[in-house]
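Work through the exercises below with the sequence and the 3D structure at hand. Each task is followed by a solution in steps.

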Amino acid sequence: MVDFTLWDILRNLLLAARWTVVLSLIAFAGGGIVGLVLLSLRLWRERSFARLFNGYVGLFQGTPLLMQLFLSYFGLRLFGIEVSVWVSAGLALTLYTSAFLAEIWRGCVAAIPKGQWEASTSLALSFYEQMRYVILPQALRIAIPPTVGFAVQVIKGTALASVIGFVELTRAGNMIANVTYAPFTVFALVGMCYFILCYPISLYARFLERKMNAVRR
Amino acid sequence: MPSVVEASAPVIVDIAGLHKSYGDVEVLKGIDLRVQKGEVVCIIGKSGSGKSTLLRCINGLEVFQDGGLTVDGRPLLHDNAAAMRDLRQRVGMIFQSFNLFPHLTVGANVMLAPTLVKKSARPDAAAQAHRLLDRVGLADKFDAMPDQLSGGQQQRVAIARALAMEPAVMLCDEITSALDPELVGEVLRVVEGLANEGMTLIMVTHEMAFARKVSSRVVFMHQGRVHEIGTPDELFGAPKTPELQQFLSSLHN
């Protein structure tokens, strides 16, 4: 029987943590772009897109991420599309993130007083000009803390990608636990890795929130 | 002194048979009103009489269901973005709650629309903004942020911002109602200055003394209709309808 040192375990976990980070970045960047497109459509043509938008957001907020991962993995196969776990996990997490970000940002835009729309409309600004110069600069400021906060949810959400065979931090922990017979040690280290990734982001979100409240005063 | 306008002055806002409903509730029940260039028209009436709604129809902030409205001979077409953009350049609006853009400096507030919509060069727009801020008595506030100003100052910036588009008509929607009493005068003086310079003004106001002083005509609205219309002396001095008499006497108590 081979003996594993603590360092062996940690080193392998850290190697796998890279993929947690990469998958989080893909989900966040992809979700951000898709979310922004969704939000723009909704704001641009409120009447036509409101139902579609609400349906999309409701669907992804109302089903477990685990289910979405399964569906994206097995669903694509059902249609004969052979994809890697990277594509499946990236797709599911992107859609999931886009739904949440779009809804968070919609709330931020809705928080801008109606008078800002009316004043900019009266000054003959086009919809694009209103968004670009009046609404978004104000919405962006209030959107930063909740957006950064949601990033933490995305990082933890990537753990679920392990169930479709994506080897990231959690899956690697599982595999290492199976060969070392030291599940408690391994998963304690896995937890620590997540904490080290997430906690600074939480702190940063809190810092931004305080800073923004100070500006508002 | 009330603005006196010659009968031959061109009509700048022409409202005919305007109907507006919110769902089943009809708030404007057929409004006819023609405003000539250089006129100062004050709209008075109880809250809920439709006066603000009428004002907001003139620049398309509210969509109306029936009737016609032209500004400077151009019809208001809600579904035509280019026509609305053109019309809104001719109609300035000042709001009760100022609605300055809080993330921009005072100067940038005034310059934004001219640089975007009229494509003015930045130096020209800046020079114009300085001129307009000087005119409303805020020459030294160009670089200030809106939240550093008092309500009266913010409203004067809003006036400068609207003037920067060189509108043919200015709509004023209860522009002193959100101000502390001691700040009302400074805003009204600026508006009076505009009236004396010949700007066409349509104002919804509760400042009766001011309405009497500067209006060429006063419109009394009641239950979604123009109930009485005439010179300030006619309306304030000899109100004909019982509704107007009651409205005016309720103000004195």
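**Exercise 1.** Which helices each supply at least two residues of the lining of the largest pocket?

*Solution.* The model is predicted: local features need pLDDT of at least 70, side-chain atom pairs count only at pLDDT 80 or more, and totals for chains, interfaces and linings use all residues. Residues are numbered from 1 along each chain as its sequence is written, chains are lettered from A in the order in which they are written, and side-chain values use heavy atoms, without hydrogens and water.

Step 1. From chain A come helix 1 (6-44), helix 2 (46-62), helix 4 (85-110), helix 5 (114-122) and helix 6 (127-157), joined by helix 2 of chain B. Helices are DSSP runs (H or I, at least four residues), numbered from the N terminus.

Step 2. Helix 2 of chain B gives the largest share of this lining, 5 residues.

**Exercise 2.** State how the contact is divided between chain B and chain A.

*Solution.* Step 1. Chain B provides 22 residues and chain A 18 residues, where contact means heavy atoms within 4.5 Å.

Step 2. About 1700 Å² is buried between the two chains, 63% of it on carbon and sulfur atoms; this is the accessible area (1.4 Å probe) lost on being put together, summed over both.

Step 3. On the chain B side, B:F101, B:H103 and B:L116 lose the most area to chain A, together 31% of what that side buries.

**Exercise 3.** How many salt bridges are there between chain B and chain A?

*Solution.* Step 1. Apply the rule: a side-chain nitrogen of Lys or Arg within 4 Å of a carboxyl oxygen of Asp or Glu.

Step 2. The count is 2. One of these salt bridges pairs B:R85 with A:E129, with 2.9 Å between the closest N and O atoms.
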